[in-house]
Amino acid sequence: MYSTIIRPLTLAAFLTCVAGAATTEKRQAVDTTDTTAAAAKSNPVCTPYIAVRDAIMGDIFEGGCNDNTRAAVRLAFHDAGTFSLSLEAAGKDNGGADGSMLVDPNEVLRPENNGLQNIVALLKPLPERFNVTAGDVLHLAGTLAVLACPGGPLINTFVGRPPVKNINPDGLLPDTHDKVSNLVNRFADMGLTVRETMALIGAHTCAKQRFVSLADAGDSMDTTVDIWDIRFYGETQRNDTDADVFRLPSDLAFSQDPLTKNDFSRFVGSLSVQENWASEYADAHEKMSLLGQNVDDLTDCTEIMPAPIHLKDIVTDSSGGAVDPPVDPAKLQAELQSTREQWLP
Ligand code: HEM
Ligand SMILES: *[C@@H]1O[C@H](CO)[C@@H](O)[C@H](O)[C@H]1NC(C)=O
Ligand SMILES: *[C@@H]1O[C@H](CO)[C@@H](O)[C@H](O)[C@H]1NC(C)=O
């Protein structure tokens, strides 16, 4: 089932290499515009995804970090986070990182998916346009979205997910008003530990809320919404009050509840802590992007991912002492500009 997805691509790419002169030229043209460091060692299975990457980074993310990147990260969670070990054990229809959010017209209309309609509409045409599966498009968009924002880590990215089998089961996504023990149990049923869950929740570093408090619609969840930093953890733990920042009840509870507070507070700190978080976040997001999939049947295409912008390169002082080191606006602009130029004409 899975291997039928990969083999034809491999074969097609192989035939292109040995025989198809015209097509080879076309593919090489794509390859030479590829500015990623790892572009040189190319796995033919990954080649078709270079064009998908370019459409997402250019057309949808506009070469940077915007409301579509936030939405794409949340979409990756809402697609994958419906995976359930207990449903799997019972042999029932399961969720997981399958792309059903792009395929089933009703799933995105569920209240918990409110706010994801726009990113779903933008990504929906890509599977047919590039002849790849919805799951691959959706989860490539998720890992690219993390990278598109300064501080966001490189996440190992796999392709070869089979076509969607069923709509995600309803009622499995966490509710921000639920108690910590229930939330922790739900993540455990996805296959994620408390430590991994606390690393993943740091995605709220780039998040806005619109539907929890209508009066505060558009508020972010930390003071630096366009940067993937650990400010989210410190500010939430201290329950800082900032205008235009909204703290989700579940995030405040994670920072205080005995079940989660130790793992939450591990990510409060200075630049060295940022590096720890970036690496643990990357591992947890990779795991999330593979929920319900058999990784042995997929292909690692991390080689097509752009280079990340490291926070240490844009802070005013990288000696590492200060908690939540401030970003240097000039360095940030320079990095953003050079990233944008890679994707926009
Ligand atoms: C207990 C677990 C979680 C709960 C209760 C939760 C809840 C929420 C809520 C209520 C919002 C705001 C939606 C709105 O009103 O517009 C939100 C936004 C967001 N969440 Fe979570 N979330 C959880 C875990 C995660 C995880 C694991 C990720 C990703 C790895 C994630 C990524 C995001 C992102 C990126 C946004 C911002 C979306 C945007 O600005 O468009 N969340 N989350
Ligand atoms: C699309 O991909 C499938 C499976 O990877 C392959 O069998 C098929 O030939 C492709 N179609 C086109 C039009 O390239
Ligand atoms: C966080 O701060 C707000 C505003 O000062 C306060 O109303 C709320 O009770 C605090 N929440 C927690 C969990 O400490």
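**Entry 1: elements around ligand 1.** I looked up which elements line ligand 1 in this predicted model, and found that α4 (67-80) and β2 (208-209) each supply at least two residues of its shell. The largest share, 5 residues, comes from α4.

**Entry 2: residues and domains of the shell.** I then listed the residues around ligand 1: there are 22, of which Arg70, Arg74, Ala203, Ala207 and Phe211 come nearest. Sorted by class, I have 13 nonpolar, 5 polar and 4 charged residues in this shell. I also noted that domain 1 (44-172 + 284-343) and domain 2 (180-278) each contribute at least three residues to the shell.

**Entry 3: the annotated site.** I consulted UniProt, where an unreviewed entry places the feature "binding site" at Asp79, Asp98 and Ser100. These positions are spread over 22 residues of sequence, yet they cluster in space, with a largest C-alpha distance of 7.0 Å.

**Entry 4: Asp98.** I located Asp98 in the loop between α5 (85-89) and α6 (100-103). I class Asp98 as buried because 29 other C-beta atoms lie within 10 Å. Beyond its neighbours within four places in sequence, I find Asp98 in contact with Gly135, Arg161, Val164 and Gly292.

**Entry 5: Ser100.** I placed Ser100 in helix α6. Ser100 has 22 C-beta neighbours inside 10 Å and therefore counts as buried. With neighbours within four places in sequence left aside, its contacts are Asp79, Glu107, Val164, Ile167 and Asn168.

**Entry 6: the whole chain.** I recorded 16 helices and 4 strands in the protein chain. Of its 345 residues, 44% are buried. Among contacts between residues at least 6 apart in sequence, 76% join residues at least 24 apart.

Note on methods
Residues are numbered from 1 along each chain as its sequence is written. Chains are lettered from A and ligands numbered from 1 in the order in which they are written. This is a predicted model: local features need pLDDT of at least 70, side-chain atom pairs count only at pLDDT 80 or more; totals for chains, interfaces and linings use all residues. A residue is near a molecule or strand if its C-beta atom, placed from the backbone, lies within 6 Å of it. Ala, Val, Leu, Ile, Met, Phe, Trp, Tyr, Cys and Pro count as nonpolar, Asp, Glu, Lys and Arg as charged, and the others, Gly among them, as polar. Domain bounds come from an automatic or database domain assignment. A residue is buried if 20 or more other C-beta atoms lie within 10 Å of its own, exposed if 12 or fewer, and partly exposed in between; C-beta atoms are placed from the backbone. Two residues are in contact if their C-beta atoms, placed from the backbone, lie within 7 Å. UniProt positions are given in the numbering used here, feature names are shortened, and annotations may be inferred rather than shown by experiment.
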